[in-house]
Amino acid sequence: MNRDFKVVGKEVKKIDALALATGEVKFTADITLPDMLHVAFLYSPYPHAEIEEIDTEEALNTPGVELVLTYKDVPQTLHTTAGQGYPEPSPYDTRILDKRVRFVGDRVAIVAARTREIAQEAAKKIKVKYKPLPYNLDPEKAQESEPVPPQDAYHLLPTIYEPRKNIAAGIKLKFGDVDVAFEKSDIVFEHRFEVQYASHSAIEPHAAVAFYDERGRINIISTTQVPFHARRIVSRVLGIPLKNIRVIKPRIGGGFGGKQEVFLEQVVALVTMITKKPSKVVLSRREVFTSSRTRHPMITWYKAGVKKETGEITALKLKALMNAGAYGPHALTVMANAGSKVLPLFNKIKNLLFEGYTVYTNLPVGGAYRGYGATQGYFGFNVMLDMIAEELGIDVLEFFKKWHIKKGETSPIFEELGEGKEGVAQVIRSCALSECIEKGAERIEWYKKRRKKLREGDKVRGVGAAILMQGSGIPKIDMGAAYIKMNEDGSFNLHVGATDIGTGSDTILAQIAAEEIGTSIDKMIVYSSDTDFTPFDVGAYASSTTYISGGAVLKCARKIKEEIIKVAAEMLNVPMDAVFIENGVAYTEDRTQHVSFEDIALYSMYSRNQHQIQAVASHIGLESPPPFMAQFAEVEVDIKTGRIEVLKFVSAVDCGQPINPVLVEGQVEGATVNGIGYALWEDYIFDEQGRLKNASFWDYKIPSIKDVPEVETIICKTYEPTGPMGAKSVAEIGINGPIPAIANAVYDAIGIRLKSSPFTPEKVLKAIKEQGLKL
Amino acid sequence: MKVRFKLNGEEVEVEANPASRLLDVLREKFGLIGVKEGCGEGECGACAVLLDGRVVHSCLVPFANVMGKEIITIEGLRKTEEYRIIEESLLDAGSVQCGFCTPGFVISIYALLKNNPNPEDKEIREAISGNLCRCTGYQMIIDGVKLAAKRGEKLWKA
């Protein structure tokens, strides 16, 4: 279905862009309050140790210091910092401060002082006697190593959780019999792939502010993707009633999953509760690297059995080992997504085994990160497909097109594998992946460049591709709600729990509302993410806002439109079905009479049968329709230095009906460039004690404008019948393809298979040495 | 130590530790919150300001160094016609996502176009390579700069 939209699908400017450009808008770190205290942390220098003695006297006596907290002074409630729905599918293995520290960068103490500098200096004066414990940095040795989590750590869900063996999560999924099928296969492929740690690197560091309001309630303003989960978690951890907490999300300087963690809110709330003064914490970039959250590193072993004649993959085995680091937020669900967001893409494989474990180590903590397991899983998946197509002697794009999931088809994995529990069965209702493959191929000039190994001196060129899907929210779990009321001038307040973290969701939700009501976007006043003043929403994660929150806004807009028509019909003295709305005016069927929205609002408030025209609606996704994408890289490899240069990168996406094409492009390109950085440079370098050696933007390279190639986005429009205005999600998918697309392009250029990211010159040279150039 | 300097067109004098960072003085003493801190190491450019017309990262400038100099922050720049052109162009090109890095980019773009009204793609990349953005992937920022160069043609050459 193709609707003729007036607001949706148009390049509407972001409604908050102006204030952001002028620098007037307040981010969390910009908030200052009278008598505010600044919080700093003391961190563990050991990868694993017991605190034997801790002396805070000198720190406490430092002028300007008002509070020093150690594990002896804070609630010892076990919790997870994962900002997920309740019950969280992550283990309760974390305390605000603990007697034991589990990685270099784990918190030892909290200091609050008049200035940030005083707090930081005072933290250094805390004297700690540690008893070092055996530690382990290698996920493959985790099960035999000293247990990392607390003795009493537990999981709310009936799932695999064996903390004494350092198993933070486990998944096993089986269809058919892979072993029998491998026996019968003509060719069997078996390879190991590895992806590394990475930092979200939102340019705004994590921050939180707390203060008491005049009614004695704790107010928290924080850089959060999940204000409602933050309220719930703070209430639980500090043992204070939820009704006494308000969480407000201001503008957020990027999240990418890093701000789905609740680990600062409880600290500032506690400091404010004890001191009765406002408090603030702003992490330094170094702290963001070492002590916030990261991309989970993962090792995957793919094994595939193929029939030579048909090219059918008859069996696929995916074994995965994920490193949680010292705590387990998202340990189960990121692992699950490495299978559930990847394997259904080739839905005709009859024999399938997916087995994955997440383990604790004494390293920084993994968390939600754009792509969320799919990034980890798609590397090996797409490289394997490239290998299989080559072995079969067919073009990989034809192989993709023949076997990828299509409209009207399903995969048993949808039903079997969900987020912390079983999934939801679904049939694909919209899919333009084949079109994405064709259009992307055209733009990268696939058939002109593939297998050409164009060489100039030491530099050889190649092209590679990857295909992907993601989801749109977590079905039957994620809920979003919206409230709309009409004002006297015909404008509307749209209140949503949905959390705009820089993505532009406030704008696209306003577009959906304006479109459905029949007015223009400048009539929508959006207010989002305030636990006191907006309805609930799970928050900005799992590619859910457009689909779930957008669904709520659409329902709400439908309801208020009906209310408007009801009043208009009364005013025009005609039946309701004889009224239609166009551009903020209600007309009679024959257009002979009309009343404007302003007239309608005024009438409803002051004339007869007075009432507030308003509506509220909630929405859960019953399915999670995947967006699809084909990504293409053209690279130039210097065989002497091992340096890979990405010359061009093309992404062709099916996100259903794009609500705002410019914002869609922004999401795709941002994700793509982040993915290119992850493919080529971004990595955590540890010393033998687990100390992060490159905790700065100087040493941890994120792409600058000089490093990025020409990136191009193609939107292959479909209409998703279950989505608001036909939309699916788009935020995450683009980060999944750069690693495999670049790896496949490097193979196309020089015949070397890269199986461990990032593809640094050292690794490329090593692979050349091991595998031998094929030019 | 008392330091006199010109800030956004006005002569100011302020008492501060000479070793403190210009960034902190601007934010804390003058409330200029458009100057952002992203890394504190001179790498991300969110704290970019103009010092005598040159782009500097204010997190790396000791406050004493601005004695007698002229500082322009985004708050000063936004009163100008040049700013209006840059802002409109960035908005139209979709260059603003989270917006945390945007004021810093605007400073660098302004300095670029003042010196080079008609920059090539490569020159744009060079000039704003001191500003990091994690949201956009940069393509739309480049588009925005090109749009600003075109729309403000006369202004930049003046």
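Seven cavities of 30 Å³ or more are counted here. The model is a predicted one. Rolling a probe the size of a water molecule over the atoms shows where empty space is left. The largest cavity holds about 230 Å³ of space. Its lining comprises 19 residues. Nearest the centre of the largest cavity lie Thr94(A), Arg95(A), Ile96(A), Asp106(A) and Arg107(A). By class, the lining splits into seven nonpolar, six polar and six charged residues.

Next, a helix pair in chain A. Two packed helices are described by the angle between their axes and the distance between the axes. Helix H14(A) covers residues 505–517, and helix H15(A) covers residues 545–572. Their axes lie 8 Å apart, at an angle of about 30°. The crossing of H14(A) and H15(A) is right-handed. H14(A) brings Ser505(A), Ile508(A), Leu509(A), Ile512(A), Ala513(A), Glu516(A) and Ile517(A) to the contact. On the H15(A) side, the contact residues include Thr545(A), Gly550(A), Val553(A), Leu554(A), Arg558(A), Lys561(A) and Ile564(A). Taken by class, this contact has ten nonpolar, five polar and three charged residues.

Now the interface between the chains. The size of an interface is often given as the accessible area lost when the parts come together. Chains A and B bury about 3900 Å² between them. Carbon and sulfur atoms account for 59% of that area. The contact involves 42 residues of chain B and 52 residues of chain A. Which residues of chain B lose the most area to chain A? They are Gln97(B), Arg125(B) and Arg134(B). Together these residues make up 20% of what the chain B side buries.

Conventions
Residues numbered from 1 in each chain as written. Chains lettered and ligands numbered in written order. Predicted model: local features only at pLDDT ≥ 70, side-chain atom pairs only at ≥ 80, totals over all residues. Heavy atoms only, no water. 1 Å grid on protein atoms, 1.4 Å probe; cavity = no way out; pocket = protein on both sides within 12 Å on 5 of 7 lines; lining within 4 Å. Points joined across faces, edges and corners; volume = space filled by probe spheres on them. Nonpolar A, V, L, I, M, F, W, Y, C, P; charged D, E, K, R; others polar. Axes fitted to C-alpha atoms, helices over the stretch in contact; angles between N-to-C directions. Helix = DSSP H or I, 4+ residues; strand = E, 2+ residues; numbered from the N terminus. Left-handed = near helix turned anticlockwise from the far one by under 90°. Contact = heavy atoms within 4.5 Å. Buried area = accessible area lost by both parts, 1.4 Å probe.
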